[in-house]
Amino acid sequence: MSGQKLGIINLGKAAGKVKFALLDERDIDLINYYAFEARVKVDPDGNGAHIFAYTYNILKGRESGQFLHDFLWERHRGGVAAGWKVVHRNGITVDNRLENLMLVPMDTQLVYDDLPSTKNQEHSLYWMAVQQLQVAPFECSSICLFQHYPSSHVYTKQFSPNGENIHIDHDEVCVYYECHYPPCTNMEKRVREFSICGRCQEVRYCGTFCQQRDWPTHKKFCQERQLYLPLEEESPDR
């Protein structure tokens, strides 16, 4: 049986880490004409935030874009009627495979309170795909080809249409953080809800499980935070 090929798009940095979007193989050709980035949408009711993939035509500019899940639904299923919206079945808002999208009435209270637990996420296709990236997250090329076989063997081939890496702004200021372990999509519902790495004090985790899993990669870049104290001025020689 042939494997299922999926695209993994590097969206750049958002909520404290590099984010990726998952989409069907037939949509990979979009990278030739569209740009992609991560957008953080804060819940107006104060229930944290969610990260979505945003796309726009390179020739028309960023203002012409829309959320990737809306774009893909219109591309394959047609326009969305007034009073309806596109949502993600599994609660992973960057998993934009068509089979993971569905239409619901606009007033449907789908706030992703029942996000998959870390244990259940381990078995998700998104988790498997991102976990297979064998380089540091911020060094990944703009798109990867992910191939999943029924036997659960996973292969990835990384490539970029222009041979360049995505520029990532490391000075981004975050209000809500997502768990730093790349495959995990758990995000804070309250400011400073997640525990912070005690060594570098820069990245946050939803629990010890993800922090331990991420350590083999994170330790290569984790540096102990130094306290810089002003030096006392030396007295001039008399």
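The model is predicted. The protein has four helices and 11 strands. Of its 238 residues, 44% count as buried.

**Overall make-up**
- The accessible surface is about 14,200 Å², and carbon and sulfur atoms hold 48% of that area.
- Among contacts between residues at least 6 apart in sequence, 52% join residues at least 24 apart.

**An open sheet**
- Three strands, ordered E3-E4-E5, form an open sheet with antiparallel pairing.
- Strand E3 (34-42) and strand E5 (66-67) are the edge strands, each pairing on one side only.
- Strand E4 (residues 49-57) meets E5 over two antiparallel bridges.
- Tyr-54 stands opposite Phe-67 in E5.

**Salt bridges across the chain**
- The structure holds nine salt bridges.
- One of them joins the side chains of Lys-17 and Glu-178 at 3.1 Å, N to O.
- Lys-17 lies in strand E2 (residues 17-24) and Glu-178 in the loop between strand E9 (154-159) and strand E10 (195-196), so this pair ties together parts 161 residues apart in sequence.
- Both Lys-17 and Glu-178 are buried.
- A network of salt bridges links Lys-17, Lys-19 and Glu-178.
- Asp-27 and Arg-75 form another salt bridge, with their closest N and O atoms 2.6 Å apart.
- Asp-27 sits in the loop between E2 and E3, Arg-75 in helix H1 (residues 68-76), and 48 residues separate them.
- Asp-27 is buried at 1% relative accessibility, whereas Arg-75 is partly exposed at 36%.

**A salt bridge between Arg-39 and Glu-37**
- The side chains of Arg-39 and Glu-37 meet at 2.9 Å, N to O.
- Arg-39 is partly exposed at 28% relative accessible area, while Glu-37 counts as buried at 15%.

Technical notes. Residues numbered from 1 in each chain as written. Predicted model: local features only at pLDDT ≥ 70, side-chain atom pairs only at ≥ 80, totals over all residues. Heavy atoms only, no water. Pairing = 2+ DSSP bridges. Buried < 20%, exposed > 50% of the residue type's maximum accessible area, 1.4 Å probe, protein only. Contact = heavy atoms within 4.5 Å. Areas by Shrake-Rupley, 256 points an atom, 1.4 Å probe, with all protein chains shown as cover. Salt bridge = Lys/Arg side-chain N within 4 Å of Asp/Glu carboxyl O.
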